[in-house]
Structure formats: structure tokens, C-alpha cells
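This briefing goes through a protein model with one ligand, topic by topic.

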Amino acid sequence: MPAIELTNVSKVYGNHKNKFTALNNINLTVELGEFVAIVGPSGSGKTTLLNIMGCMDSPTRGECKIMDRSTTGLKDSQLIHIRNRVVSFIFQHYALLNNYSVYDNVTLPFAERKMSKHEKKEKAKQYLSKLGIEDLFHKKVKNLSGGQKQRVAIARALASEAEIIFADEPTGALDSTNADKLMEILCNLNNEGKTIIVITHDSHVASYANRKLFMKDGSITFDEPLIVQKEA
Ligand SMILES: Nc1ncnc2c1ncn2[C@@H]1O[C@H](COP(=O)(O)OP(=O)(O)O)[C@@H](O)[C@H]1O
Ligand SMILES: [Mg+2]
């Protein structure tokens, strides 16, 4: 089953006098279990594409399917369900609550769920230890380093137990050592079966993915295949 299927997706910002086409008739299928990098210059439409794939925004034209289900015409409650349970996001600037503890941040996805305090705590510990940061449990986010914050953001994304993980420039605020560590974490998650779609403008970061999509002016200009044939 495809994780994501986009058919003739366009996105136009602004009104008739001041129109800007950010996505121009995109057709794209991402299968479950793929690790895709979306590469392209600033302004090429990467974030717009990711937001539409993740149900954070709707296309002006065309259809988006997530796990074989069209997102057109869904009620708010259904969209919220997808954003809470089916997809999760990791952002460049982490999007964490700075004045709260690591525990509070990682358990945010549980807010809507019927879980005991004990269950929440155990789950949070499970995901923090997966990222090697269980010792940060009680720390306030504002006291962490950039690399630590990004790991907390990943732990939070994992806590939602979503099948598809979107990351928008997740290494943008990290030094190269922490960027490599982060990409290795994403590789491990992909090996465990998660579908990962990551935006980057760094070709080294993109080299961790199995498939690269190049974007320019709202179009996918090149879709590098999963298996690169060796030269004879
Ligand atoms: N809310 C918006 N209103 C108007 N234009 C927008 C909006 N969001 C993005 N854009 C424009 O759409 C284009 C693509 O933006 P974006 O998807 O953020 O590109 P990227 O992530 O590749 O840098 C840019 O030219 C940007 O200025
Ligand atoms: Mg962007």
C-alpha cells in the first residue's frame, strides 16, 4: 500500500491579482517503508509539498491520499486524527515547548489518549532511551543543546507511533557531527519499517535516503530511483 499518493497536486497562494504557484501539478507515490529525501533550492516548494502530504495544508487542485485514503473533504476531526496518529513532524527549529520538561514535551502526543500516568511515563522513557537521552527526562528543554533538542523532537514524533515521519530541514540547526547522528537515527527508524520523508538542501544529508526527489519552481524535476544501476 502506498503511504502517500499525490495526483495532479497544485498549490496556488494568494488571490487572482497576486497569484503564486508554489506547486505545479505534482504526481508522486511514496510506498510504505521508503526513505525519501526532497532536495531543492529555497522557495522551490519543498515545505508546501511536505505540508500537503502531512495534512497540514490542502492543495488548490488535485488529490492527496494517505494510506490509501483521500484527504479531500475530510472533517476537521478526521484531519486531526491523521495528524495525531498517522503522520508526525520533525522541524528544523524543533517546535518544542521550551519552558516545559522533556517529559512534558514527549508526552504531548498522548494528550488525547486514554492512558494512565504510569503508562505515559513508561512510553516516554522507552522513546527517550531509544534516542539515548533518558537521563534528560526531567530537564527543561530550554537548558538543552541543539542536538539534544532535536532528539527530544524525534522522541516526540516517535511517541505518536505514526507510520509516516516528515522532517523539514531537521539538520538545519545542527553541526555536521550532530547532523550525521540524526540521520543515522532516521536510518535506524527506516530499517524498523517507518516511512521517512525528509527535506534538505544538503546533498550529504540527502545521501542517507534511498530515493531523492529534486524540486525546482514547484515541480519535481528528477526522481532518483531506489536502485542505482552500477556502471558496466
Ligand atoms: N503562505 C504563503 N503565502 C504566499 N506565498 C507562500 C506561502 N508559503 C510559501 N509561499 C511561497 O511559495 C514558495 C514555496 O515556498 P516553500 O514551500 O516554503 O519553499 P521551500 O520549502 O522549498 O523553501 C515560495 O516562493 C514562498 O515564498
Ligand atoms: Mg522550506
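Strand 7 and strand 8 (residues 195-200) run parallel and are joined by five bridges; two strands pair if DSSP finds at least two bridges between them. Helices (H or I, at least four residues) and strands (E, at least two) are DSSP runs, numbered from the N terminus. This is a predicted model, in which local features need pLDDT of at least 70, side-chain atom pairs count only at pLDDT 80 or more, and totals for chains, interfaces and linings use all residues. Residues are numbered from 1 along each chain as its sequence is written, chains are lettered from A and ligands numbered from 1 in the order in which they are written, and side-chain values use heavy atoms, with hydrogens and water left out.

- Opposite isoleucine 164 stands threonine 195 in strand 8.
- Strand 7, helix 6 (residues 176-191) and strand 8 form a right-handed β-α-β unit; right-handed applies if, with the strands pointing away from the viewer, the path from the first strand over the helix to the second runs clockwise.
- Strand 7 also runs parallel to strand 6 (residues 87-91), and five bridges join these two strands.
- Serine 88 has isoleucine 165 of strand 7 as its bridge partner, and phenylalanine 91 has aspartate 168 of strand 7.

- Five of the five residues of strand 7 (residues 164-168) are buried, that is, under 20% relative accessible area, with exposed meaning over 50% and partly exposed in between (1.4 Å probe, protein chains only).
- In a regular strand the side chains alternate between the two faces of the sheet.
- Ile164, Phe166 and Asp168 point one way from strand 7, while Ile165 and Ala167 point the other way, and all are buried.
- Strand 6 is largely enclosed by the rest of the structure, because four of its five residues are buried.

- Four strands make an open sheet in the order 2-1-4-5, with antiparallel pairing.
- Strand 2 and strand 5 (69-70) are the edge strands, each pairing on one side only.
- Five bridges connect strand 1 (residues 2-13) and strand 4 (residues 61-66) in the antiparallel sense.
- Isoleucine 4 stands opposite isoleucine 66 in strand 4.

**The surroundings of ligand 1**

- Around ligand 1 are Tyr13, Phe20, Ala22, Pro41, Ser42, Gly43, Ser44, Gly45, Lys46, Thr47 and Thr48; a residue is near a molecule if one of its heavy atoms lies within 4 Å of it.
- Four residues of this shell are nonpolar, six are polar and one is charged; Ala, Val, Leu, Ile, Met, Phe, Trp, Tyr, Cys and Pro count as nonpolar, Asp, Glu, Lys and Arg as charged, and the others, Gly among them, as polar.
- Oxygen atoms of ligand 1 lie 2.7 Å from a backbone N or O atom of glycine 43, 3.2 Å from a polar backbone atom of serine 44 and 3.1 Å from a backbone N or O atom of glycine 45.
- Taken alone, ligand 1 exposes 560 Å², of which the protein buries 58%; accessible areas come from the Shrake-Rupley method with a 1.4 Å probe.
- Strand 2 (20-31) and helix 1 (46-53) are the elements that give two or more residues to the shell.
- Helix 1 supplies the largest share, three residues.

**Leucine 50**

- Leucine 50 is located in helix 1.
- Leucine 50 counts as buried because its relative accessibility is 0%.
- The C-alpha atoms of leucine 50 and glycine 73 are separated by 19 Å, and the two residues are 23 residues apart along the chain.

Key
A polar contact is a pair of N or O atoms within 3.5 Å; within protein, one must be able to donate a hydrogen and the other to accept it, and residues adjacent in sequence count only if both atoms are side-chain atoms.
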